[in-house]
Amino acid sequence: MKKWVTRIISAQQDTLADKEVNDFAAFAHEMGYEYLDINSYQRGAESYEALTAHIDGFLAGVQPGDLLIYQYPSHIDAQFEVTFIERTAYQGIQIMPVLHDYHHFHQLADDGFHEARLMTMANAAIIPTAAAGQLLRQQGVGAPYILQECWDFKTDTPFHAALPEKKVVVAADQDAAGTSLPDSIRVVHAQTVDKLIAGLPNGFGLARQTDDSYRIPPEVMLYLALGMPVFVWQGTPIAQLVADNHLGYVIQSADEIQTIFAQIGAKELWELQTRAQAFGQLLRTGYFTRQTLLKAEHFFLNRDWHLKSQTKPQPIDGIHVMDISDTITYILDNHPSVARFGDGEFDVIRGGSIPYQTADASLAKRLKQVLAYQSNQDLLICLPDIFGNLDKFKPFMQPFWRRRRGNVLTMFKDIDTSGFYGTTDMSRPYFSYEDRAQAGPRFTALKKIWQDQDLLIVEGKLSRSGEDNDLFANAHSIERILCPAQNAYAKIDAIEAAIEQYGENKLILLMLGPTAKVIVYDLFQKGFWLIDSGHMDSEYEWYRRGARLEKIKIPHKHTAEFNYDAEDLEQDSKFDAQVVADLSD
């Protein structure tokens, strides 16, 4: 299954509305979506046969079952929209339109273009406002929709260091500024977005006055991306967001502006600017696009058409971690390499030691580098699923993670967390969780990852993963590289060289503590498929043995959290035959 996002190729693409579409596609591309380019053209007297051939050419690389995010409308013509969506539905492509605009946002009279029918044919729709969703429902569109709260905005323009002046500007790009405004409000016209940005002062931005209750005004996204506080109009779709996040002021009349200016001093200006710049950083990094597309993927992968995620508590600091089932499904569908961070890795990053890895400044630096990577289809970064509700954990685990959560958050200073993460517990789905009934299905799903695969297991000398159980019984073959049981990072160069020698065309499972994360990061870039699976064997043994109240020591092999026990290893000729390299001494 591949993921696609449409990109409209046109000679004239330099308005704020065009940038909205182009930036959405660019952020999607950063998340692993392939571009599906639609070259804008004048259809003229083009026949239906020629049109379908044209569209089939655009869709040539898209396969049945692929996910296609279709930025709507294409601005070619109505017949193109109808035929494009019909052709994708006919070919079994999972299509989700993104409604940047909608014919009936402007004209409710029936002019023969049955736009609602197109939305009904889609698997789901991404909409800009709640009012747009209400309109779709009124028109009989029953497909689920995902709300895109803001349109992100790419720019490298530095934020202003000086406090904003008490001046107001309206950015009008190639359109009119709206109704007449007082002389004190400056209107900036420009023929390109770059020139528009260059013409904006360090002041306050004002939304244009329109009667559009369905779309988010693009000039407000421009202001906020530049870190400018804003004035927006009461009753408009953006007003609640501005008020709730203290990004400016909601007004009914332009006459209110000077009164507001008279009441705010340097402290208030600094607070407004600080919040606007922080919010602007979200827009610059694609925060809202990433969250929307993650929800779209959940719809598609889970076949779950209920917006369950909308009823969950909001994650802390905007860190979104997929649950165990979604993480495993993502791995099965996309085959990414996986690096998992837990409390041990965070201790090492802070400069501490853990039982099997002494403090190492170089390792700490490398782990921070891996942690900063934005998950995509090539590499999935996993974190503990502790940034929302903790009720899924056993009662005795909840205080532990509540205490640790604050320390964990300090790891993300200067790191963009607007993307998505898998859960570290994708390989430890049993002991810490209250609902034990889910463990069996989770392990069954987990085993599908290496079904019929040739495995290369890279582990500490004492780990003996899969020995005396059926964890890897469904693999096609198993080879092993044995590494030091402690301080494996000291031999990382030799370990990576051995993996490169023996790991070609294999799924590589690493049980090697913090060092595993760095190895995954280094070698996924060379085309290897590596999964940092950690203490999966111990977790599976506890599940098989029904351990619930306390963790039990597994004989003849290393067991998670039993860090100082000496191991009495069994003589196992089958295990020994699997070892292709021993770097443990």
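Is Tyr72 buried or exposed? I looked this up before anything else. Tyr72 is buried, with a relative accessible area of 1%. I note for the rest of these entries that the model is a predicted one.

**Entry: aromatic rings**

I searched the whole structure for aromatic pairs, and the search finds 25. I then took up the pair of Tyr70 and Tyr72. Their ring centres are 6.3 Å apart and their planes stand at 70 degrees, so I wrote the pair down as edge-to-face, the cut-off being over 60 degrees. Tyr70 is buried as well, with a relative accessible area of 0%.

The next pair I looked up was Phe431 with Trp542. The two rings are 5.6 Å apart, centre to centre, with 55 degrees between the planes, and this pair is tilted. I checked where the two residues sit along the chain. Phe431 belongs to the loop between strand 14 (422-423) and helix 17 (439-447), while Trp542 is in helix 20 (residues 536-545). They are 111 residues apart, and the pair links distant parts of the chain. I found both Phe431 and Trp542 to be buried.

I also looked for a grouping of rings around the tyrosines named above. Tyr70 and Tyr72 belong to one aromatic cluster together with Tyr41, Phe58, Phe80 and Phe84.

**Entry: charges over rings**

Which residue lies over the face of Phe159? I found Arg284 there, at 3.9 Å from the ring centre. I noted another case at Tyr433, where Arg442 lies over the face of the ring, at 5.2 Å from its centre.

**Entry: helix 16**

I checked the length of helix 16 (residues 397-409). At 1.5 Å a residue, its 13 residues should span 18 Å, and the end C-alpha atoms are 18 Å apart, which agrees. I also looked for a bend and noted a kink of about 25 degrees, centred on Arg403.

Which residues of helix 16 are buried? My list reads Met397, Gln398, Trp401, Arg404, Arg405 and Val408. I then looked up what these buried residues pack against, and wrote down helix 14 (343-349).

I counted the buried residues of strand 15 (residues 454-460). Six of the seven are buried, so I describe this strand as largely enclosed by the rest of the structure.

I went on to the strands it pairs with. With strand 16 (residues 477-483), strand 15 pairs in the parallel sense over seven bridges. The bridge partner of Leu456 in strand 16 is Glu479. With strand 17 (residues 507-511), strand 15 also pairs in the parallel sense, over five bridges. For Val458, I found the bridge partner in strand 17 to be Leu510.

How many bridges pair strand 7 with strand 8? I noted four, in the parallel sense, with strand 8 made of residues 185-188. Strand 7 pairs in the parallel sense with strand 9 (residues 204-206) too, over two bridges.

How values were computed. Residues are numbered from 1 along each chain as its sequence is written. This is a predicted model: local features need pLDDT of at least 70, side-chain atom pairs count only at pLDDT 80 or more; totals for chains, interfaces and linings use all residues. Side-chain values use heavy atoms; hydrogens and water are left out. Rings of Phe, Tyr and Trp (its six-membered ring) pair if their centres lie within 6.5 Å; planes under 30 degrees apart count as stacked, over 60 as edge-to-face and the rest as tilted. Buried means under 20% relative accessible area, exposed over 50%, partly exposed in between (1.4 Å probe, protein chains only). A charge sits over a ring if NZ of Lys or CZ of Arg is within 6 Å of the ring centre and within 35 degrees of the ring normal. The expected span of a helix is 1.5 Å times one less than its number of residues. The bend at a residue is the angle between axes fitted to the seven residues ending there and the seven starting there. Contact means heavy atoms within 4.5 Å. Two strands pair if DSSP finds at least two bridges between them.
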